Amino acid sequence: MKAFGKLLTIIMLFSLLASCGGKPVATQVPAATQPPATEPSLTAAEQWAKDNGVGPYQPETDDWAAIEAAAKKEGKVVVYANSGGVEDLPDAWYALYPDIELDAADTDGIDTKMQAEQESGNVIGDVWFNSDGHILFGKFLPNQWMWWFVPRDVTIPELTPDYPFAIARHSVDVIGYNNKFYPDGCPITNIWQITEPQYKGKFFMEDPVSDVSTMAKIATFVQNADAMAQAYQDLYGKPWDTDELAKPDASGIEVENAGYLWLKKVTYNGVVVLDDGDMVDAAFAGLELPEGEEPGFGWTGYSTYETTLDGELNMSPCFGLKPVMGIYKTSFMGIANNAPHPNAAKLFIRFILSEAGFEPWNEIGTWPAAEGLPIPEGNISLEELKPQVWEMDPLFDWNNVSKVRDFWAASLLTAK
């Protein structure tokens, strides 16, 4: 019987294995209780961006029919721009969008204005259209006051994850000279020559203390200190830090590199700061300069050359100046957080990135950023221009502009 019992047990075991396809039977263990999956919580600003399809929440495909229909219901778009060119846009805009009011003007203090609107919760401006990239990336982006939107059907080659905002155009500020007084070309070949005694009081620029854009531009000389040092060595045959003004002075501020030294020498050589670009141009390139008086140089927009072609100025850029003849700057566009007309803002950005929208800036000294737009007639190519200019770095400028401002102000005081 015992043998029979063992046999019966073996038969039942084989039967069980056969019914399971020859595989061992897994023991069923209740799964641990898991909380339901949830999305990370969004800030109020992120939720607004998600609801309106901007910034990281922009869909893979833009539904322009739906965007335009929503924009017509909004009925308006408000644009803060740092260029008078926006005031030439209405005809082209209304030809496309007659039902959407365009409120766009050359606006002073855009960053101050838009920051106040964000902090008060009373947002009026929809679109940031401004070249102060250091403020956009250094303050507005981290505070979620501004969102990017780039139409999916537009290609802007320079865009990166770190710099995602739509770029309207590029332009250049240059060291300019009076081409009537100097008919054979720019009389200097090295930017350090501007700081020499013969040009004392002969360098004109907008006041960087009151114009934040100009201050950010001159910070670029500090960023490119190595090139400034090499240019000093090439001109004078000695290191920059052997210069008399490289030593600490009554300001107590250390001259850290050759970029700072150039700024200090400019102030000590009697730089003339003026209220606006028109005054700068008139000072060195005007038609009515004193007879026989050497006019010097100006820090001005390359686009001013258009005015020269019209017979109203005598300005040419100092092409070939070492180590640099100008600063390459960028005009960015963004949509304000809680913008009252977000869909109309999207239309406006797409419009500016079109040939019709670029038309007010279709001039020498300006280059469109969107791929496929024609380069203004008379411009040199970017391939020829870029080796002669330095591109502004928004994050460097943001992190250093206050320090540069303090150094500049202290140098002006001690220079007197």
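Is K403 buried, partly exposed or exposed? With a relative accessibility of 40%, K403 counts as partly exposed (buried means under 20% relative accessible area, exposed over 50%, and partly exposed in between, with a 1.4 Å probe and protein chains only).

## Basis of the model

This is a predicted model, in which local features need pLDDT of at least 70 and side-chain atom pairs count only at pLDDT 80 or more, whereas totals for chains, interfaces and linings use all residues. Residues are numbered from 1 along each chain as its sequence is written, and side-chain values use heavy atoms, with hydrogens and water left out.

## Salt bridges

Eight salt bridges are found in a search of the whole structure (a side-chain nitrogen of Lys or Arg within 4 Å of a carboxyl oxygen of Asp or Glu). One of them joins K403 to E256, with an N to O distance of 2.6 Å. K403 belongs to helix α15 (residues 394-415) and E256 to the loop between α8 and α9, so this contact ties together parts that are 147 residues apart in sequence. Helices (H or I, at least four residues) and strands (E, at least two) are DSSP runs, numbered from the N terminus.

In the salt bridge of K217 and D173, the closest N and O atoms are 2.7 Å apart. This pair links distant parts of the chain, with K217 in helix α7 (residues 212-223) and D173 in strand β5 (residues 166-178), 44 residues apart. Both ends are buried: K217 has 8% relative accessibility and D173 has 7%. A further salt bridge, at 3.1 Å from N to O, is made by the side chains of D243 and K265. Because D243 lies in the loop between α8 (225-236) and α9 (258-268) and K265 in helix α9, the pair ties together parts that are 22 residues apart in sequence. D243 and K265 are both buried.

## Disulfide

The structure has one disulfide (a pair of cysteine sulfur atoms within 2.5 Å). It is formed by C186 and C318, whose sulfur atoms are 2.1 Å apart. C186 is placed in the loop between β5 and β6 (203-206) and C318 in the loop between β9 (315-317) and β10 (326-336), so the link ties together parts that are 132 residues apart in sequence. The link of C186 and C318 is right-handed, with 70 degrees about the S-S bond. C318 counts as buried, at 0% relative accessibility.

## Aromatic contacts

The search of the whole structure also gives 27 aromatic pairs. Rings of Phe, Tyr and Trp (its six-membered ring) pair if their centres lie within 6.5 Å; planes under 30 degrees apart count as stacked, over 60 as edge-to-face and the rest as tilted. F221 and W390 are edge-to-face because their ring planes stand at 75 degrees, with centres 5.9 Å apart. F221 lies in helix α7 and W390 in strand β12 (residues 389-391), 169 residues apart. F221 is buried at 1% relative accessibility, and W390 is buried with a relative accessible area of 12%.

The rings of Y302 and W367 have centres 6.2 Å apart and planes at 40 degrees, so this pair is tilted. Y302 is buried at 4% relative accessibility, as is W367 at 0%. Elsewhere, W93, Y97, F129, F348, F351 and W361 form one aromatic cluster.
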